[in-house]
Amino acid sequence: MPLTKEELQKSEFYQRLKEQDRAKYLSELEQNRVLNDTVVITEDDNKIISSDAQPLRNEAGFFLAVEDPYEDNTNLKDPDQLIKLESKTTTYVYDPYWSLIIDRDFKEL
Amino acid sequence: MRVQTDLIQEDYKQLKKESKEVLGLDGFLYPPFGATQDYVEFHIFDMSGNFKERSKSENYTLEDGKIVLNIGQDFRDLGYNRGNYRVRYFFIRPNAGSGDEIVLTKTVDGNVGQIHSGNPELTGVPMGEFHVDDEGNAFVGLEPPLEGESLSLDIKEWKYQINAISSDRKEISLIPQIIDNVKYKDNFRNLVDDKTLYYSTKQDIPQDEIAEAYQNAIQNFQNPQEAIAQIIADNSGGEVSFTGPDSTRIEFNSRVESDDGFDEKMRQGKVVVKNAYITEYLTQPDIKENSSYNIEDPIPELYIEIVKSPDTRVVDFQLKTKEGGTFNPNINGVQFYWEFGCGHKEEATTNSNASHEYDVDGNYTPSVYVFTPNFSDEISELRTPTGRVVDILDTSLAVNQTSDDTSTEEIDSVFNGKIIRWDGSTLSPQGIPQSIPGQQSTTESRWYVQDGYRRWIGSSYNLNLLRNLKGLLAEDDVSLYSILINQIPVGPIIGGGTFTNTTPPSLDETLTADSPGIVGTLGFYGQDDEGGNQGESDDDVDDDPPQDDNDDDSGPFTVTIVNSPIIANETAGSMVAFYGDNYTSTTDSDQIQKPFDAAQIVSFKGKAMGATGINPFMGFFDDPDFTQPSFTPQPDAEDLVDIFLNSSRTFFVKVETGF
């Protein structure tokens, strides 16, 4: 017999199943973070995410965006979930070299 | 993460700077990314690279010089909660147009594209009231229009249209829409304009003045932005100056404190000072003055010298000046038209000589017309090579005579190399001989006989010089009576230039009938109107010496030369000197004088005081008002003039002021 969302939320079975999935999800996340050396163990044995942690990636190198297990459609905001780009970037020389090297004349228009 | 570039690898290597930098710290990219108009856009692709969606990111932050992206949240905001994707981020600063802004335009008095409503920050025009119906049509006013009212508005994006795309999709052509708005057009124009205008503010502009201008513009249906811009322009700008003679630093001479001056965006740019090296404009005519141009002189007094070929009727004609020189300008501007008196003529020519063979013997009156650009004259005076004036040309003589006029041989004379003088006798039939044509001789007159011609020695100075050079003593002078003197043809005068050969012939030159200055034989003084050429030797005249002792020699006289007076804006001072003397200037003395014992040639000269070329020397005049020139033409400055004088005379020098 199908359940409404409200009935489902009240279902003990569903809640237990959901908690198991969340625990598994968090466990996998923790394993990935351990593999990425982003987890730091404090003196009181708490595990926190290093502030200078590198973005979380899988074995293939793809960035992993992790949803907050407690809030739908919200991504985690931990440091390893953020991509930090240096404002410094490659720059180029301009005149007179710019026009000497690159053909900047219009060809067709 | 790899920074994407459109440069090919080779160009990238050449143009890339060694170190990375923050874009926009100064220069045209200023400020760095993060300004209010900047935004981040990301494109989502599937793992095969197919484009799926794009969106502006709302989840980035700027921290400690870094741009922090929350890629996962960007995806989830678009509903991507599971799966593998590729993503590309763009950091964008709009240059012109806006993808999110729209304006409502209308037609006013036939002018389409007038802004009715839109973001005032973009348009510079206050928003107007409008109504949008259920179908998305916009109208003027807050209520739907009544039936028959035409208050519709066009909805246009604040963008520029892509007019064309090149086939390689690397080049596009943009055109503006029909939106009649200054800021819209300026933004479009600035896409390719690399200049930034900055006006220094000379003085603070009262805000009430701006407000008043704004209100006036609204009331007069004018663009208030333009009115405000005019006020700003009127109170802006000013002089700039370099901070030193060799400095490249400039500063504004007047700028209020509220004017921040150049901003970071202008750094590394160029300041162009227009017309910095222009101090004035001169109008340069496209013609050049001909420095060699001279005002044409009138045709001088000329005569025709006739030379008859022996035993023929051929006569050669040569146009000569009264000084005996050949007149031959030999330019196209001067033409001669010969008429030989027999009915024959010669076509106009630039030659001042002609030759003609007469058909029959007879008396003819040849003539020549001289045409110059500004003058013309008919010359009909005929002279023989010895200078004798003839009224007509008798061609029969040309056939029968062996004329001595055409002789080029010197005359063998027993008086050659000697100085002769007149004995002073005027016992009839004798008279007073002439020194030169028109000039009576005295017993003090002396001639030097050279190749059979008697050359009058014009001054005592020249006489003494000649005696010294030739070793001729005064007691050796040969005294002759008038008739004998008249039988000796007159040659050129011996002046100062004879010794320096500036006025040839010299004393060592062979004189012939063709030599310059040959006059020929003369009659007694006063025997004819002209005073010469009518006293040629008379076969009936007794060659015996006359016994009369009359002496018509002139007495002593004084020559006065008055210096040019110094009169402001009229005349300037002069310097004058007699031959052999030093100059005397106006400031030294207003005049110089010199006594002479008897008639003779007097030589003197003059010039302007001061530097050469400033005050022009005008010459000598007979009157203090400078109306009667003493010489025609006048001598140049410092040129010695020779004039025969037998009585006192005064010359007035004129120097015009050059200022």
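A polar contact is a pair of N or O atoms within 3.5 Å; within protein, one must be able to donate a hydrogen and the other to accept it, and residues adjacent in sequence count only if both atoms are side-chain atoms. I looked up this count between chain B and chain A and noted 11 residue pairs, both residues at pLDDT 80 or more.

I recorded that the model is predicted, that local features need pLDDT of at least 70, that side-chain atom pairs count only at pLDDT 80 or more, and that totals for chains, interfaces and linings use all residues. Residues are numbered from 1 along each chain as its sequence is written, chains are lettered from A in the order in which they are written, and side-chain values use heavy atoms, with hydrogens and water left out.

I next looked up contact (heavy atoms within 4.5 Å): 37 residues of chain B touch 33 residues of chain A.

For buried area (accessible area, 1.4 Å probe, that two parts lose on being put together, summed over both), I noted about 3,200 Å² between the chains, 61% of it on carbon and sulfur atoms. On the side of chain B, Leu15(B), Arg76(B) and Glu171(B) lose the most area to chain A, together 20% of what that side buries.

I then searched for salt bridges (a side-chain nitrogen of Lys or Arg within 4 Å of a carboxyl oxygen of Asp or Glu). The rule finds two across the interface. Glu67(A) forms a salt bridge with Arg82(B), and their closest N and O atoms are 3.6 Å apart.
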